[in-house]
Amino acid sequence: MIFLLYMVCLLSGHAFLSPVPNDPLFKHIDDHKDEYIQRLKDWVAIESDSSDPSKRDQVEHMMQVTKDYILQIGGKVEMAELGEQEYSPGIKLPLPPVILAEFGNDTNKPTVCFYGHMDVQPAKKKDGWKTEPYTLTEKDGNLFGRGASDDKGQVLALLHAVESVMKLGLPVNVKLFIEGMEEVGSNGLERLVEEKKDTFFSNVDYIVVTDTPWLSTKPGITYGARGNCYFFIEVEGARRDLHSGGFGGTVYEAMSDLIYLLGVLADVNGKILIPGIYDDVLPVTEKEKELYKDLVFDLKDLKRDTGVKTFLHSTKEDLLMYRWRFPSLSIHGIEGAFSGSGTKTVIPAKVIGKFSIRQVPKMNPSLVEKQVSEYLETKFAERKSPNKMKVTMIIGAQPWLANMNEPQYQAARNAVKKVFNIDADMIRAGGTIPIAKHFEDVLGKSVMLLGVGGPDDAPHGQNEKISLYNYIEGTKLYGCFLQELSSV
């Protein structure tokens, strides 16, 4: 039997052995697997695309369905209204309410609050989906559908875990903070956290974000994320677009200036050329280096998945460190330039270059903004162009780094060990998770990212999925985490 279970894990891409499910919690979850799949199918069918104003009613419907299920399994729910969103000049849309739910209120027990979201990214079959995006399709051990991983599947795994643990006796108090606008910036959410600081969040000891993937098929616990400083460089020349036949060779072209400025931001090896940008980056300690050695991560798999033939770094450790704990600069696009098919011999009058710097702990977005602005102004002055140049920081999201020795991290490690019979990978995120830092800053509570998504789930792309293994075993992980949290 043990060998058979091992082979099942191995063939499904999970090269570790799950224990025999004789635990009452595990048995209950296994017995209800078909029910859990059907519920995810029902939820994926709701087109809760928060970016599409015509589907705003679907987002609100999804929030109501989630509320109804929480009530069904014994929770108490408050729907917090956020008001309206100005979608475009003169057009306002109601913001979907945020779910504030709780299970248990025993003052002698710790309280953990989970964050998740019910909205999804846009999805259309014609964009390259192999299945209908809003029809959950089971194939090759995976469940395909928009929101299957991000974040409906992960929230449902949590809710099913809460329901299962309650059958055995809930050992901790559980709260839920679930929104419907995460994919478009979480409008109004930060203000709501501040407003609820002394009420809903007053007795919360720990905060867990469910919306996150593992690094590999091995379970991971995320303890940090980079921030994001997003910039616009605007260069303006003539009053209107000009024809290159009449003006080529006679004017200082805004596009040429912009290309020059974008080209001096970083070298070919990815090193940021802005003076002082690395001054506040913490040095890598020997203890930290040890964390990277046992991480399950294969560069060959990453090359195969992305189509990239050569990365900037050749070892697992270096690549992950530059992905997680060092700053990086990426150029994202140019607005105002001709980008259609065919040819157009225009000299744009004004162009806007867009780039971002993912900053790491101890880097201050305000200082980064100053460093970037001063550097680009110096380089533009050296070019001696008469055109106008302006630098604006559009986003200044802070990085986040937690203390891995906090009790909930130990509980999560214990839960991973019990469910998967393996030690968890302790990982960081190369992207930005503003809500984690906001929770930490406003509430002063321990924050942890404990998701059950896979590394190849394509949460924002075509053919999004969650593996059946992650969905069901992830439910056990959440349930076991609640049990372990009561004893750390």
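Helix H15 (residues 468-485) has 18 residues, which at 1.5 Å a residue should span 26 Å, and its end C-alpha atoms do lie 26 Å apart; the expected span is taken as 1.5 Å times one less than the number of residues. Helices here are DSSP runs of H or I with at least four residues, and strands are E runs of at least two, numbered from the N terminus. Of the 18 residues of H15, 17 are buried, so the helix is largely enclosed by the rest of the structure. Buried means under 20% relative accessible area, with a 1.4 Å probe and protein chains only.

The model is predicted, with local features needing pLDDT of at least 70 and side-chain atom pairs pLDDT 80 or more, while totals for chains, interfaces and linings use all residues. Residues are numbered from 1 along each chain as its sequence is written, and side-chain values use heavy atoms, without hydrogens and water.

Gln-154 sits in helix H5 (residues 152-168) and is buried, at 2% relative accessible area. Leaving aside residues up to four places away in sequence, its contacts include Thr-210, Asp-211, Gly-453 and Tyr-478 (heavy atoms within 4.5 Å).

Turning to the sheet, 4 strands form an open antiparallel arrangement in the order E13-E15-E11-E16. Strands E13 (328-335) and E16 (388-397) stand at the edges with a single partner strand each, so one side of each lacks a neighbour in the sheet. Strands E11 (residues 228-236) and E15 (residues 350-358) pair over 8 bridges in the antiparallel sense, where pairing requires at least two DSSP bridges. Cys-229 stands opposite Ile-357 in E15.

Technical notes. Buried means under 20% relative accessible area, exposed over 50%, partly exposed in between (1.4 Å probe, protein chains only).
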